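Biologist: Please take a close look at one part of this model for me. I would like to know what surrounds it and what kinds of side chain are there.

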Amino acid sequence: MMDADKDKLLSEKSSPETAMDDAENHKPLPKNSPPQNIKKETMDDQHLPQNHGVDAPKPGTSSDPENAEDSEMKGEQKPAQLKSIPLPPDLKKLSADIDKFLSSLSNLSAGGRSTAPDLPILVEQFMVLVEAEIEEYDSGVMPVKWTRLTVEQSASFLETVNRVSSLSKALSKFSSEHKYASSINDIGRILQCAMSYVEEEFKLLLEDYKIHDSSDHPTNKNIDSKHKQYSESNENPYHESSPPAEETNISGYSKEILSDLVRLSKAMITGGYEAECCQVYFVVRRNALEENLNKLGFEKHSIDDVHKMSWESLERETESWSKIFKQMANLHFSSERKLSEAVFSGYPSISQNMLGSLSHGVTLHFLNFAEAVALTKRSGEKLFKFLDIYETLRDTLPVIDNFFPEEWAVGLENEASIIRSHLGEAMISIFNELENSIKADSGKTQVAGGAVHPLTKYIMNYLECACEYKGSLEQVFREHGKKEKADSNPGSEYNYKSQQTQNPSDEKEVIRQSPFQAQIIKIMELLDANVEGKSKLYKDPSLSSIFMMNNGRYMLKKIKWSPGLNSLMGETWYRKKSSDLRQYHKGYQRETWGKLLHCLHPEGLTVNGKVMKPVLKERFKSFNAMFDEIHKTQSTWVVGDEQLQSELRVSISNMVIPAYRSFLGRYSQTFTPGRQTEKYVKFQAEDIEAYVDDLFDGSAAPTGRKKV
């Protein structure tokens, strides 16, 4: 181009008032091929959202096949020719002219004009200036960081990018026009370069989530003044989308960073780069969530890993899983929602899909672990961890559902329902195995001293712990119990014929009980029968009674102090069991102390009002020997319950001591004082009381001498 022509172009006014007419006097510039798409970070994650709310064509391509071929032939010439175009001295003035030109094109479309006008030279001039500005920002080696821009610089840049985007959309309406193809390709290439820079800066700002305190940011002094100054102006449309003041410091981002994220995301979405924007956001926030999970101690485990864990390791992992899952649902997902709503303010569908994608991926990790645990080998000790997982899923998933689109929530709920079914079936199976273990416990070894049998302790402690989850187990047995035990209406209670009725007239009474209650009562009945069978291993009827009292009292005590067990067993069972213990108590007194008291009976001791001294001597000798044997034997017996021990001792003292004191007072004078009295009267009443207090301690104490 001649110098005279350049001067002429510089002196020409490029206003849209003359642009439409002047454009016809200029020949179109040579065409060039569209640039290759800028390489984006790829992901293999699911559920990335598609474009929502922005119907903008992807810039940088022409729909004209002939033009595309021509562009490939001349693609290397265009940048040099763009730079040879005479430029106006002021980009701001030229931008205003572009806005008017865009308005003119819009009016043409609205007026139904079918003939596309030639492009004025101001479009080419605008593209050259914008490309130069973008090159200054994104130099490749040392790109200008977004946080180092002043408010005026960032606002001006985004306004320019928005104007390029608008120009691209306007020209794309004439993509079938051969004369527009080259300019459409050029503006698309420039827009791609701009968006590449915006995308990279958007990513860098997102990766700044580790900055929890805005004062830590190296450029915050400039940023604070920048945003204060910028907030006073209402000319920039991007500032209007900044998050509200109360939504600051979300997920570790400062107020200033959030404001920049909003503006950059809006620029990308408006420019037709929604997919790239969402992709970057998803990857960075997914990494942030996984980093949080690692800090909290959560690790991803495969099913094989879980099945190979020792019980101690699995117990720790389950406790950690439950705690972290609740924390993620109640804290981190909520914070993530605030962040997505802030960054994508004005685009609710994008915000919801971003939140759903992130939350869905994390939730799947937790569900996979729960499923792996549910499929492990069943054992009694796992019941409580199964319950912890069951309750966590039941209580946490409704909270998480609020973070997903409806179709995703339904899918997760279905998957969680399958896991809960596996857990429920496993828990019911554990109770069935508990029944079988009681039936199979047919050991012939006596428990020393008639103490509480280990089986009784295990079953009662197990049921006590299980009934702390009474509400959940009621739900498990209703929802996952065997069908033959339930009514035709799923989840309802079913009839169970109680075997507790004491009144013969009530034998046919059918009591309404829940499936879980019926299960507990059945286990207790099996335990009762087992203990009664083991009591027959003792040849001494008195010790057999002590064994039954020990085990019965242990059961009653556990039931009394366990609200869950108490409510399930009911008053009727409790009263019947207490009555059984009283009968065992009476049997013990009769077998042990009834025979001893027979020695103190006055019958046969006197003939014609005279005491038969030889018979009296035999009575005292028999009493002394029997009491010594009782004391020696029953001091080794064990009554661990202090209340039962005290009740037994008091009842023995009340039964024996008054009778012995009376017998001693009536017949001791028969003996000659001295050696004869000491020979036959070995115990005073006080001695008997002291020796009774030695009983049921589990260790023998010597007898035969008076206690001082």
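**The second largest pocket**

Modeller: Helix α21 is the main contributor to the lining of the second largest pocket, giving 7 residues. (A helix is a DSSP run of H or I with at least four residues, numbered from the N terminus.) The model is predicted, so local features need pLDDT of at least 70 and side-chain atom pairs pLDDT 80 or more, whereas totals for chains, interfaces and linings use all residues. Residues are numbered from 1 along each chain as its sequence is written, and side-chain values use heavy atoms, without hydrogens or water.

The volume of this pocket is about 400 Å³. (A pocket is an open set of points on a 1 Å grid over the protein atoms alone, for a 1.4 Å probe, with protein on both sides within 12 Å along at least five of seven lines; lining residues have an atom within 4 Å of a point. Volume is the space filled by probe spheres set on the points.) Its lining comprises 17 residues, and R553, L556, L581, Q643 and E647 are the closest to the centre. Two or more lining residues come from each of α20 (541-561), α21 (563-598) and α23 (642-667).

Later in the chain, F696 lies in the segment after α25 (685-692). F696 has a positive phi of about 70° despite not being a glycine.
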